[in-house]
Structure formats: structure tokens, C-alpha cells
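Please open the structure in your viewer and keep the sequence beside it, so that each selection can be followed in both.

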Amino acid sequence: MRQTTVAAVAAIMAASVGLGGCSSSTSSSATTGTSASASAKTAACTFAGVQNELYAKGVLTVATDQPAYPPWFENNNPSNGKGYESAVAYSIANQLGFKASQVKWAYEPFNDSYAPGPKKFDFDINEISYTATRAQVVTFSNSYYDVQQSLVALKSSPIVTKHTPAELKTYVYGDQVGTTSLAFINSDIQPTQTPKIFETLNDVKEALQDKQIAALVTDTPTAQYISSSEIPGSIMVAQFPSTGEHYGLLFAKGNPLVGCVNKALATLKSSGTLAKLTARYLQLYTSVPTIKP
Amino acid sequence: MAEAPGLPDLSARRSRLLGTGDRRGLILSTTSTVMVLAVLAAIFLLAPGSRAVRTTFFNPTDMWRALVGDPKAGYYSVGEALWLNIRMFVIAEILILILALVVAVVRQSTGPVLLPLRVVGTIYVDVARGVPLILVIFAIGFGVPALQLRGVSSESAAVYGVAALVFSYSAYVSEVYRAGLVSVHRSQVAAARSLGLSGSASMRYVILPQAIRTIIPPLLNDFISLQKDTALVGLLGSIEANKAAELYSDTTFNYSSYTVAAILFLLLTIPLARFTDHLIARDQARRLAGARLWTQRTPAPSPVTRAS
């Protein structure tokens, strides 16, 4: 009897694994179809036209994580319209015909944002980098910010002066979990010691102050903000050359709303609004030296 | 299956079931088991989001990639990361066994001179058990380095993690020890002392051996829990199995890595659970010194010949 049960369980498990294996190809082909139709259907990008594509009718539900860090948000309050990402979200809403009062903010931890099942938001704006692998699971908008990685260290740290490619390999780096910075550290800097990965950016900052890490790696605007306003005695060492990385808004896979949002982003880009917001919130740190990893 | 002394004699029952021609019972039980499993599997497979769940949580390709890792792509091997969990667990376990015993013995001591120690012990157990482990890990992992003490403040995250685990778990385990000490009847102490053993000698040779035998199951229970809680040390930046799994899922947006971590933790804890069962069975057999267990009651009138 026990053997029969075991055999039955094994059979069911084999069947489910088999189904799981082949389903990946079918799902990807299905979603390609929907995204193609989504981009074709960009005719009615008005308040009335997008109603059927919304999570909740009448409001644009935008999600981000907590805490919401500057300079992307200000005072941990996404709904004040201040900070680059908050301002971009309200500009997109404006383009789609929403009033500021018709934008609702949802709290979505980054780790949950790509979970299967229905999303609780229209799009998530949370400094999420586009990668081809991620785009198999969710739909990304076009870039709203082209990002480069930077180093922040304490002024007393040797990395401030010694950062040739060979010297860069000798330090212990810190990073927030889930960022593309880790792939950058391991593929471009290639340090000899394993980097330390923390749950939140605040934990990374704490580790930097405690000298548990020699430098933290993050995007340039965040690095600039940390070194100028958050950690006394810290300095932004340098930024690394662009790897073509950019931030995109995260949508549920195949959400047709991305068509209209991309159109809005294109308008914001050509009208110079994005550049204006970048100058206002992220500033143009042209003086930041670029070093090679 | 080799019958452990503590288990009921299944083989005899099974052969009776088959021998009396009760095939109907066998068929019914098999059918019902298969049907229950089939219904559960059908619910899982036919759920609207089933395909998404299977590709997100149980994708063999992703599971394999998470297991072997690829640092340049932004994630580490979950299997390799588990090695850190194992090391932290083993070191923490040894330290906990020692520290907890000291705390328990101090708290059970009766000498009036030792009152300050007893008070300290009680306060320690209250605090260490009452504060969530995650807060202890943060306090030690970020607090001690912030002190900038030479020699103490520049340890690796795993060291602080182990310190936090030892701090928290020793309190639990000392209570388990204490329960064991209390369970040894006072007459044992009296007998030991009447034989001329000193207080500490009777503790060492009479009380502790009996107490520890009683508490092995709850002790191992705590250690299975400890094995899993090593995952919390990932909060301090070190890459253990759970953190490696998180990195994989954050990089690829696929949760199959968590399934890999879960399976690896199961592979760690299940042998320990079976070992606990084995110890309990062995201990019971020893205590009864050959006498039959109540769980092994065979039909009274028949001669004691087992057909296993």
C-alpha cells in the first residue's frame, strides 16, 4: 500500500513538473501576443480611453516601496509630487488626463512586485532596472532614467585616492539586495572578497559608517544624495561608465496600459520635461569623475 | 523496515490484514489515498494561476541556476551559501549547549552567596527570550561594529550573527535544561548525598545524566529551529542560503530559488528529526532494560514469537 501511494505521488509530481516545464514556452508566446496588441492599441490615450485598463477605475494607482528614498522621493511621502520619481509619475498621470487628486499611491515591496498573480497597482516606480531576464516575467515601460553606478566611501578610506582597476578589486563592497549593482560589482569590478548584501539601503549606509564595507555601490543620484546629505564625512568617489542600464516602470506582464504610458514618456522626453525634472531633482553632476572598473 | 523498539509492531498488523483475506480494506484505503492526492493535485493544476505559480516557484531551469549560481549575473549559488548556514549552526549549537547549561545550573543553585548570579541569570533569560531574534541580530550586528572597539568591532557578519543566535537561543535552551533538572526526583539528590558525593559531584554524576536524557527531544527540537533561524543572519549582509535565494529571485524575478533553499533546509533538518526519533527510541529501550513497551502490546494469550 505504501508503495502504491509513493508511486501515485511520484506520478503526480512528475506530471506537474512536466506541465511546468512546457508551460514556460506557451506562456511566453501568449504574452508576446498581448504586448504586441498593446502597442498597436495606443489610439485612445485619454482619461476615458484608458479606464478599462486601470486597476481601479477613475484613479491611476502607482506603487513604490517603503522607505521611499531621496532624491527619488522626498520625506518618504510619494504623494507630495516632490522627488524625481514622484514628479515623473504625476507628469505621466497628467499626460494621460488624470488630475493630481486622481493619483493613488500603493505600497509595494520590491520583492513582491514581480510575484505571479494580479497586481495591486497600474505601475510600480521604484528605481527598477530593466533587464531582459526580468522582462520575461513583467512588462517594463521605456526608460525614464538612464542610470550609472557610483561609489560612496568615507573620506578616510583608502579607496578615495586609490582606485585603479587593480586596486578596486581589493575592497569589500556593500550593496542593497536586489539591485543590479551586485552584477556590476561582480562582472566589472570583480573584487577578490565577496560583497555584503543588505536588506535595505539604510542598512548599507549603517555598514559603511561602521566600516564593515569600504564602499557602497549604488546609482549616481542616490550616491550623490547619500554623500552630500546623509552620511557626514562620506564622499562620492566616482561614477562608472554607463553600461546601458536604465530604469523602467514595472507593469503586470502584458498590461496594455504600457502603450499609453510609453507614449506619455515619449512626449515628456521630447518636450524637455524629463530633462527639467532631472535637473531639478537629480541635478547634472557633470563634475563627477568617471573611473574605469 | 527495521522495527525500532519504540514503534508499534506494524509488520504483524499488516500481515494480519493481508492474511485474513481483507483485500477490500487494502483496495479501499489505496483508492481513497490516491483520490485525495488526485483531488489536491487537480486543484493545484487547474487553478487559474497554476501555470504562473509553477513557472515562478518550481521551474527546474531556474532551480538549477539558483543552485549553482552565477556571481557575474548578480546572484550566488544557494547550495554554496548553505555551507555558511551549516557552519554557523554547528558553532552556535556547541556554544549554546555550554552557555545554556551554565545559566540553568546557576538558576537552579541554592547557595545564598550565588543570589546575584541567580538574579542576573533570571534577567538574562527574561530579556533574551522576550526580544525578537531579528532585533537581537540587528542590535549586535550593527551595534557592536559601531562601537569601534579594537578586535571586537571588525568581525565578519557571520560572527555577529552567531553571537546573536547564541544570546537568544541559550535562554530558551537553559529553560529546557532547567526543566530537565527539575524533573529528576529530589530523592536522587538525597541518595547521591547519602553516598557521600558532594553537591557538585552529585550534580555531575547523578542529576545531569538523568536530566539530559529527558531533554534530548526538546533540545533537538530547538536545534532544528536554530538551523532555520541561521537564515536571519543574512540581514547583516553575509550571503547565506536564504539571501542567495533572494538575490536570485530579485535578479531574475523568479522565486524558484526559494524552493531550492527550502529543499536544502529540509535536507538538513529531516535527518536531525529522524535522529531525534532514534534517540528517543533507544533511550526508552535502555530505561526499560529489555521489558516490553506499552506501545508494543501483542495479543495477550499468544506466545511471544514475532513474525517480523
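In which loop of chain A is the place of A:Ile159? Select A:Ile159 in this predicted model, and you will find the residue in the loop between strand 5 (149-154) and helix 4 (165-168) of chain A. A:Ile159 counts as buried because 20 C-beta neighbours lie inside 10 Å. Leaving aside residues up to four places away in sequence, A:Ile159 touches A:Leu151, A:Ala153, A:Tyr171, A:Ala214, A:Ala215 and A:Val237.

Next, select helix 5 of chain B, residues 78-108. At 1.5 Å a residue its 31 residues should span 45 Å, and the end C-alpha atoms are 43 Å apart, which agrees. Colour the buried residues of this helix, among them B:Val78, B:Leu82, B:Met88, B:Ile96 and B:Arg107. To see what covers the buried residues of helix 5, show elements of chain B including helix 4 (60-68), helix 8 (157-183), helix 10 (199-229) and helix 12 (256-288).

Finally, turn to the contact between the chains, which takes 38 residues from chain B and 39 residues from chain A. On the side of chain B that touches chain A, helix 2 (23-46), helix 3 (50-57), helix 7 (133-146) and helix 11 each supply at least two residues, and helix 2 of chain B gives the most, with 8 residues. Coloured by class, that side of chain B has 19 nonpolar, 13 polar and 6 charged residues.

Conventions: Residues numbered from 1 in each chain as written. Chains lettered and ligands numbered in written order. Predicted model: local features only at pLDDT ≥ 70, side-chain atom pairs only at ≥ 80, totals over all residues. Helix = DSSP H or I, 4+ residues; strand = E, 2+ residues; numbered from the N terminus. Expected span 1.5 Å × (residues − 1). Buried ≥ 20, exposed ≤ 12 C-beta atoms within 10 Å, placed from the backbone. Contact = placed C-beta atoms within 7 Å. Nonpolar A, V, L, I, M, F, W, Y, C, P; charged D, E, K, R; others polar.
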